[in-house]
Protein chains: 2
Amino acid sequence: MTDAPNPSAALIVIGNEVLSGRTQDANLRYVATRLGEIGIPLREARVIPDVAEMIVATVNELRARYDHVFTTGGIGPTHDDITSECVAAAFGLPWEPHPEAWAKMAASYQPGEFNAARQRMATMPRGAALIETTVTVAPGFSIGNVHVMAGVPRVMQAQFESLAPRLKGGRPVVSRAVHAAKLPEGRIAEGLAAIQARFPALDIGSYPYYRETGSGVAIVAKGTDPAMAALAIAEVSALMTSLGAMPVQGEPPS
Amino acid sequence: MTDAPNPSAALIVIGNEVLSGRTQDANLRYVATRLGEIGIPLREARVIPDVAEMIVATVNELRARYDHVFTTGGIGPTHDDITSECVAAAFGLPWEPHPEAWAKMAASYQPGEFNAARQRMATMPRGAALIETTVTVAPGFSIGNVHVMAGVPRVMQAQFESLAPRLKGGRPVVSRAVHAAKLPEGRIAEGLAAIQARFPALDIGSYPYYRETGSGVAIVAKGTDPAMAALAIAEVSALMTSLGAMPVQGEPPS
């Protein structure tokens, strides 16, 4: 085990459809969960429209600030798919046919069907490393510390899993949880703050829940040391008991 | 009808639990949909952790750039609920008991139960306007162009609806859609770009869909002129027919 800090990551969700409310984003949670598991915790996410200046500025801001930047959306064949050329512009690189992607895509279509729109999906920043999957012939790509993936969740997930073994991760972020019914946050808050103060290396979160089967509060401790997280949650359990509640290990049933 | 541009909005989702993947955010889509309906389209969203410097910097960046900024999360009683004091810091305002909120909350608890943790929920930037609901006694608030709401979706939604009549909206953003089964985006892309070019006031998006009942593509035109959106979608329908597809009005069944 090393004490070096984990690498950091940001996610850029690109697409008018998420900002208009048409589409419920499903990529943030997937990427966040998987990045935690491989020890590259997600520090920030942004949802931005299909606007070139915005994509270029956001990519440049975040690639300077975090070890990895992931993007989802905007790499299809239509006019609103502009992520790839914007990433090239952000890096100041030519946006040009990627020989390997071009050859594979050309071979996958019937004669005459590899048209200008589809050729755009084989056009990338010079030097891009392909992110290939069996789900679609159109690849994602990495350039520098920016990883460009599709917006459709099943394609994005396949691309993430194809990419993941190439990422140098850190210590996995683990969580331990306890919950108690009918315990208001306002009653546990003071004792919980004291526990958080004793475990500065952990993120301890308090999350009220409301279920048809009842309401209560869940306390979650996250960090890279499973024993420390378990110890903190044991202290939270004792705190809950001292307040007359009945702590139950783990998250509340969903 | 006026030609003045609609006011703009940004959303800040505050909470480690969204960035860790523990919690699926449901507030972005709700806020995005409702803001479109009242003519204050959402231009950007950010998901950030419970880190003071990050909250302060993000609030200040976005309140300068957009007409309205909405925040969700971090206004409960526990140690990780720091949104309210961070918004005060962003504005350079004292963070102090709000007389009306304090009185109402104090009256709602049993003697001795309005403790220090709960008192934090009645502590706000000086001059805050309360966002009150019947769902909870702890209010949200507006200060300047920043609207601070809870993270729990049912509370956030009630607060948004309480606030909405006070917001000066613009022309509602409406959408018209058509979809066609078995039509690849790569075949419609060229004609679609030409239609988008003829309707620069509309956002025309292309969204492939994959259902158990079949796959295809949905084309959505959004804007503040319903007749123009309908006209563009009529042109898209004709394009689909010319490509041998069978256009069906509206979004594909979910």
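1. Copies of the chain are superposed here by least squares on the C-alpha atoms of residues with pLDDT of at least 70 in both. On that basis, chain A can be laid on chain B with an RMSD of 0.0 Å by a turn of 180 degrees and a shift of 0.0 Å along the axis. This is the relation of a two-fold axis. A:Arg46 is the residue of chain A that comes closest to the rotation axis, with its C-alpha at 2.2 Å.

2. A note on conventions: this is a predicted model, in which local features need pLDDT of at least 70, side-chain atom pairs count only at pLDDT 80 or more, and totals for chains, interfaces and linings use all residues. Residues are numbered from 1 along each chain as its sequence is written, and chains are lettered from A and ligands numbered from 1 in the order in which they are written.

3. At the interface, 45 residues of chain A are in contact with 45 residues of chain B (contact: C-beta atoms, placed from the backbone, within 7 Å). Elements of chain A that each supply at least two residues to this side include α2 (27–37), β2 (42–48), α8 (185–198), β10 (203–211) and β11 (214–223); helices (H or I, at least four residues) and strands (E, at least two) are DSSP runs, numbered from the N terminus. The side of chain A that touches chain B has 18 nonpolar, 14 polar and 13 charged residues. Here Ala, Val, Leu, Ile, Met, Phe, Trp, Tyr, Cys and Pro count as nonpolar, Asp, Glu, Lys and Arg as charged, and the others, Gly among them, as polar.

4. The copies meet through the same surface, because 100% of the interface residues of chain A are also interface residues in chain B.

5. Strand β9 (residues 174–181) of chain A and β11(A) are joined by eight bridges, and A:Ala177 has A:Val220 as its bridge partner in β11(A).

6. The domain assignment of chain A, automatic or from a database, gives domain 1 (9–166) and domain 2 (175–249). Their C-alpha centres lie 38 Å apart.

Definitions and conventions
Two residues are in contact if their C-beta atoms, placed from the backbone, lie within 7 Å. Two strands pair if DSSP finds at least two bridges between them.
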